[in-house]
Amino acid sequence: MEQSHILQLLVLLVMFFLASQVYSEPRGLRVDLIHVDSKGNYSKLELLQRAALRSNHRMARLIAKTTKAVDSGSKVQAPVHAGNGEFLMDLAIGTPSLPFPAILDTGSDLIWTQCKPCTDCFEQPTPLFDPLKSSTFSRIPCSSDLCQALPTSTCKSDCNYLYSYGDSSSTQGVLASETFAFGSTAVSDIAFGCGDANQGAGFSQGSGLVGLGRGPLSLISQLGLGKFSYCLTSLDESKKSPLLFGSLADLGGGAEKVQSIPLVKNPSQPSFYYLTLKGITVGSINLQIPSSTFELQDDGTGGLIIDSGTSITYLELAGYKMVRKAFLSQMQLPVADGTDISLDLCFSLPSDSSTVEVPKLKFHFDGADLDLPADNYMIVDSSTGLLCLTVMPSHGMSILGNFQQQNMQILYDLENEKLSFIPTQCDQL
């Protein structure tokens, strides 16, 4: 009789264990992007001007610096609008769900939104998230690996965090988990920052931020889907463009035009997506930049990252000086002062001409050449009479910003450690 009871108990334990292992295999996720503008009615130059200052601060900060089940048939998308240097993805958070337009950032990990009660909050386009009104809100304990993954945290009963960005902005609050909705698809137990003290001029265009870096706190890591892709529209475009996760994250037609670059890891900055920049061509001149200029150094400095959260491109000073000199020698326009818009190299446009020729700019990466259209590195505004190069100098790290990524469909393949891209009219996807 005792043996029978023991056998029944063992059977029940095995059944419980098997039931706990059942889950939906992650397959694909789709989110549409809209490049956002907090107010609208800005010229391209004004949009870049508003973004350039934040990019400069972010540059300095970057230098100093649990898998979820998704239904296999789900295709998730959300709209994004044109704006002042960042791109937003639209989600929803909580149960019942609340709209959550968030800045898309491959240069950081944390997902966060502003929460009630808020002691220091910026104005946002949607109501503040109230965790007391959501049936799926849960605080993450201090013992969690995700709490330990935060760069700055303090613990008593809750996991409290402080997360800072390159433009001196920050979010502070408690780490929690919630259900996030991507269109009609809901994903439970996403870890996020519930911020009650948040500061940053650039944040006000959205209601928070979604980090897509390599770290465990990022959305891509929490979804566990292995790859994602996006296609950023032109700076002044208001139409949607897609952010895709998992099996949906493919580059579609024109496979013969797809180019790929190996992704490089930096143990000192494990969240960033590094690319190997070999050289630069301006016009017909292949610049004689020393090969070590853009190399990732043994101490973790140097190298180049691709970042959707930085607006313009920054090049290590020695390389930038050669790029600047090449443009100065090949442009047939007088040099102008770009200080007011935080850009280093500007030219005065002729009043009697509607078109201006500019030298080609091409980046030579390990395995691929990024041949940029003029709209991706020069910005013109006839009202101010300025034509400016959207590349700036840096020291300690180089960054490929989102202005240079316009109308490029870009695939981050973390399973095969490569980044692929193809020129695409993003507003037509």
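In strand 9, Ile 190 is the bridge partner of Glu 178. The model is predicted; local features need pLDDT of at least 70, side-chain atom pairs count only at pLDDT 80 or more, and totals for chains, interfaces and linings use all residues. Residues are numbered from 1 along each chain as its sequence is written, and side-chain values use heavy atoms, without hydrogens or water.

Strand 8 (residues 170-182) and strand 9 run antiparallel and are joined by 12 bridges. Strands (E, at least two residues) and helices (H or I, at least four) are DSSP runs, numbered from the N terminus. Two strands count as paired if DSSP finds at least two bridges between them. The hairpin of strand 8 and strand 9 has two residues between the strands. There, Gly 183 takes a positive phi near 65 degrees.

Strand 9 (residues 185-199) also pairs with strand 4 (residues 112-114). This pairing is parallel and spans three bridges. Gly 193 in strand 9 is the bridge partner of Trp 112.

Another four strands form an open sheet, in the order 19-20-24-23, with antiparallel pairing. Its edge strands are strand 19 (335-336) and strand 23 (378-381), each pairing on one side only. Strand 23 runs antiparallel to strand 24 (residues 386-389), and four bridges join them. Met 378 stands opposite Leu 389 in strand 24.

Overall, the protein has five helices and 28 strands. Of its 429 residues, 54% are buried (under 20% relative accessible area, with a 1.4 Å probe and protein chains only). The accessible surface (Shrake-Rupley method, 1.4 Å probe) comes to about 18,900 Å². Carbon and sulfur atoms account for 52% of that surface.

Conventions. Buried < 20%, exposed > 50% of the residue type's maximum accessible area, 1.4 Å probe, protein only.
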